[in-house]
Amino acid sequence: MEKSTDSAGPIYLRFVKALINFRSKPTVARMKELVKQGALDKIKKAFGFGKNPFKFSKKREYTLDEFIDDNSDNDLINTSLGNIFVVFRNSKRDDLVHEYGDMTYRLTNLAGVISYSNNIVSLPLRPVF
């Protein structure tokens, strides 16, 4: 599987367009499209800090007003359009920290650059730093 922005770009664009459409004129169909898009793994990582970026209920009679109320504090829906990028940047940063944090821990410990013992970090190679 190729890991590149080329494969994720169209998915992000589709999500942002759905988000802008919903913000301009909220409808049940547009709400359902947002929830559907938010369930995609790439969208969860890029806009939802690892989970669906929207709060919603799966109950049959879930209304548009309930969705709007449940997401009243959601920055993707209720702040300026420019904030969509801020959410994207922060969510991607969070994803990268989770993705590479364990690998960084293992490599620095294995190389002896940083030592981790009983949750205490030490620098055995102080002159290097």
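The sections below give the basis of the model and then its features.

## Basis

This is a predicted model, in which local features need pLDDT of at least 70 and side-chain atom pairs count only at pLDDT 80 or more, while totals for chains, interfaces and linings use all residues. Residues are numbered from 1 along each chain as its sequence is written, and side-chain values use heavy atoms, without hydrogens or water.

## Aromatic pairs

The whole structure holds 9 aromatic pairs (ring centres within 6.5 Å; planes under 30 degrees apart are stacked, over 60 edge-to-face, the rest tilted). Tyr12 and Phe47 pair edge-to-face, at 6.0 Å centre to centre and 85° between the planes. Helices here are DSSP runs (H or I) of at least four residues, numbered from the N terminus.

Buried means under 20% relative accessible area, exposed over 50%, and partly exposed in between (1.4 Å probe, protein chains only). Tyr12 is buried at 16%, as are Phe47 at 4%, Phe22 at 1% and Phe67 at 0%. One aromatic cluster includes Tyr12, Phe22, Phe47 and Phe67.

## Helix H2

In H2 (residues 28–38), Met31, Leu34, Val35, Gln37 and Gly38 are buried. Seen down the axis, they fall within an arc of 165°, so they line one face of the helix. The arc is taken from the directions from the helix axis to the C-beta atoms. Ala29, Lys32 and Lys36 are exposed on the other side.

Conventions: Helix = DSSP H or I, 4+ residues; strand = E, 2+ residues; numbered from the N terminus.
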